[in-house]
Amino acid sequence: MDGASNVKGSGAGIILEGPDNVTLELALKLNFKASNNQTKYKALIIGLKLEIEVRAKKRQCYTDS
């Protein structure tokens with residue numbers, strides 16, 4: 001997961017990798033002003049919710065923060 005913020009807005013990107021080479025990718029535009037760290041935290045929260053939804057059994061999170 002990753003997040004970014006600039007004068008044009010903020011967004012987050014999430015990639016979930018599963019068994020058998022299954023990959024889910026999600027890009028989000030956030031509708032609020034946020035710092036880079038806030039966008040990364042939001043991406044983490046959304047990624048965890050998505051993992052719960054797809055019933056992930058094992059979790060690892062990678063970020064540059």
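This is a predicted model: local features need pLDDT of at least 70, side-chain atom pairs count only at pLDDT 80 or more; totals for chains, interfaces and linings use all residues.
The structure holds one salt bridge. Its partners are Arg59 and Glu51, whose side chains meet with a distance of 3.1 Å from N to O. Side chains of opposite charge can pair when their charged atoms come close. The distance between Arg59 and Glu51 is 3.1 Å, and the pair counts as a salt bridge because the cut-off for such a contact is 4 Å. Arg59 is partly exposed, with a relative accessible area of 40%, whereas Glu51 is buried, at 9%. Glu51 falls in the buried class because that class covers values under 20%.

From this pair, the description turns to the chain as a whole. The protein chain contains three strands and one helix. Read from the N terminus, these elements follow the order β-β-β-α. The C-alpha trace spans about 40 × 20 × 20 Å along its principal axes. Of the 65 residues in the chain, 20% are buried. The accessible surface amounts to about 5,300 Å², and carbon and sulfur atoms contribute 53% of that area.

Strand E2 covers residues 9-17 and strand E3 covers residues 23-30. The two strands pair in the antiparallel sense, over eight bridges. One point of reference in this pairing is Gly13, whose bridge partner in E3 is Ala27. In a regular strand the side chains alternate between the two faces of the sheet.

E2 and E3 form a hairpin with five residues between the strands. Asp20 is located in this loop, and its phi is positive, near 60°. Is Asp20 buried or exposed? Asp20 is exposed, with a relative accessible area of 74%; this class applies because the value is over 50%.

Notes: Residues are numbered from 1 along each chain as its sequence is written. Side-chain values use heavy atoms; hydrogens and water are left out. Helices (H or I, at least four residues) and strands (E, at least two) are DSSP runs, numbered from the N terminus. Buried means under 20% relative accessible area, exposed over 50%, partly exposed in between (1.4 Å probe, protein chains only). Accessible areas come from the Shrake-Rupley method with a 1.4 Å probe; for residues, only the protein chains shown count as cover. Two strands pair if DSSP finds at least two bridges between them.
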